[in-house]
Amino acid sequence: PLGYGPYAFESRDDHTIKLTRNQHYFGSPPAAAHLTVTFLPNIDMLHTNLVNGNLDAIATDRPPADQLATFEQEDKAGRLRAVYVPNPIWEHIDFNLDVPQLQDIRLRRAIALGANRQAMTNALFGGHTPVLSSWVLPGQHEAAPADQLTRYDYNPTEARKLLDEAGYAHTNGDGIRASPDGVTLTFQLLTTEGAPIRQQIASMFQQDMKAIGIDVQPLPVPSDQLFGPDGPLFQRQFDLALFGWIAGADPGGLQLWGCDAVPSPENNWNGENFAGWCFRDANRAIREAVTTLDSEQRQAAYLRHQQLWTQEMPSLPLFQRLSLALIATRVRGPQPDALAPITWNIASWTRERT
């Protein structure tokens, strides 16, 4: 609640917020009498000020991929401490199950096997955030053990085999597969405009799909149009869609995967089950998981739902985005957390005397 934290507001300007020790704080008084929060336009300026001793800790949810190696080297050299935290935003690609070709589970599985998701996280985040196996994130209590799920590790050879079994063959010499009746595997991939990370994901995904004979054409769309009530997601007018969800401490899931959450004229285009996945046993499992008060029953229901979800693949989970904290070696106490600001335990921070 406002006023109950270890620090109280003192003043602010365009670049800083100054706080002072709260004399009415219920816990142990924080070590520092004053706290200054500084906002700078880029990671370079933040990093320079940290190294020069002007800042004690910095945090960003958009770490530049080309500088991660530098931060790692400085961490190993003892010049700072780098902490990498997969954050709650997780990227994924939804399949529109109204598209006839995408109703074939062999095609969806081939796409999952042919997408080199590990290469994506290596390129974007230096491999510091893992490839996801499910829609429930690894840090959540309800996450299913990986060995109890159907997994799709990168295997383009197996992907091509599945496409062969589904009857999609190379016919016209352009490398793109087609069905016996001449329907080519050509899909449009919608994603958000002005999002460099998603642009890179889309480009890498496009190349991966081309390598197994699937033509993917990325189409960036302004966010307000993509997510608008009359936009392609809620109206379900798309082939593939790349975007992110923000996970909470409780995974929920009924609005994402319940049958009643498929946008349609019957529910006035409400709900976020954009894939249109309505699977009876999975619907029963997610309803039970969300509504039961029995903890063991809840855990079992979430496990069952994730098992069915990974078998059916209505959506391809990619990875969580990465948050980065750089902490001065003289500072003790920061414990960056995916679901909280870096200052969540600021009262226990201390600075060693030099």
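## Reading a predicted fold, feature by feature

Me: How many Å does the polar contact that joins the side chains of His 47 and Glu 74 have?

Reply: A polar contact is a pair of N or O atoms within 3.5 Å, where within protein one atom must be able to donate a hydrogen and the other to accept it, and where residues adjacent in sequence count only if both atoms are side-chain atoms. Here the side chains of His 47 and Glu 74 are joined by such a contact of 2.7 Å. This is a predicted model, in which local features need pLDDT of at least 70 and side-chain atom pairs count only at pLDDT 80 or more, while totals for chains, interfaces and linings use all residues. Residues are numbered from 1 along each chain as its sequence is written, and side-chain values use heavy atoms, with hydrogens and water left out.

Me: Is His 47 buried or exposed, and which residues is it in contact with beyond its neighbours within four places in sequence?

Reply: Residues under 20% relative accessible area are called buried, those over 50% exposed, and those in between partly exposed (1.4 Å probe, protein chains only). His 47 has 13% relative accessibility and therefore counts as buried. Contact means heavy atoms within 4.5 Å, and, with neighbours within four places in sequence left aside, His 47 is in contact with Ile 58, Phe 71, Glu 74, Leu 80 and Leu 326.

Me: In which helix is His 47 placed, and which residues of α1 are buried?

Reply: Helices (H or I, at least four residues) and strands (E, at least two) are DSSP runs, numbered from the N terminus. An α-helix has 3.6 residues a turn, so residues three or four places apart point the same way. His 47 belongs to helix α1, residues 43-51, where Ile 43, Leu 46, His 47 and Leu 50 are buried. They cover an arc of only 95 degrees around the axis, which puts them on the same side of α1; the arc is that of the directions from the helix axis to the C-beta atoms. The buried residues of α1 pack against β4, α2 (68-76) and β11 (315-327). At the start of α1, the backbone nitrogen of Asp 44 has a side-chain oxygen of Asn 42 within 3.1 Å, and just after α1 Gly 53 takes a positive phi of about 90 degrees.

Me: Which residues are buried in α5, and what do they pack against?

Reply: In helix α5, residues 156-165, the buried residues are Pro 156, Ala 159, Leu 162 and Leu 163. Their arc around the axis is only 115 degrees, which puts them on the same side of α5. The buried residues of α5 pack against α3 (105-114), β7 (177-178) and α6 (196-212). Just after α5, Gly 167 has a positive phi of about 90 degrees.

Me: How many disulfides does the structure hold, and which cysteines form a disulfide?

Reply: A disulfide is a covalent bond between the sulfur atoms of two cysteines, and in this model it is taken as a pair of cysteine sulfur atoms within 2.5 Å. The structure holds 1 disulfide, formed by Cys 259 and Cys 278 with their sulfur atoms 2.0 Å apart. The two cysteines are 19 residues apart, both in the loop between α8 (254-257) and α9 (280-291). The link of Cys 259 and Cys 278 is right-handed, with 100 degrees about the S-S bond. Cys 278 counts as partly exposed because its relative accessibility is 48%.

Me: Where does Arg 236 lie, and which backbone oxygen lies 2.9 Å from a polar atom of its side chain?

Reply: Arg 236 lies in the loop between α7 (223-226) and β10 (240-246), yet is buried, with a relative accessible area of 9%. The backbone oxygen of Phe 274 lies 2.9 Å from a polar atom of the Arg 236 side chain. Leaving aside neighbours within four places in sequence, the residues in contact with Arg 236 include Asn 96, Asp 98, Val 262 and Phe 274.

Me: What volume does the largest pocket have, and which strand gives the most to its lining?

Reply: On a 1 Å grid over the protein atoms alone, a cavity is a set of points where a 1.4 Å probe fits but cannot get out, and a pocket is an open set with protein on both sides within 12 Å along at least five of seven lines, lining residues having an atom within 4 Å of a point. Grid points are joined across faces, edges and corners, and a volume is the space filled by probe spheres set on the points. The largest pocket has a volume of about 880 Å³ and is lined by 33 residues, of which Leu 35, Thr 36, Val 37, Ala 57 and Trp 349 lie nearest its centre. β3 gives the most to this lining, with 5 residues. The largest cavity holds about 50 Å³ of space, and its lining includes Arg 117, Tyr 152 and Met 313.
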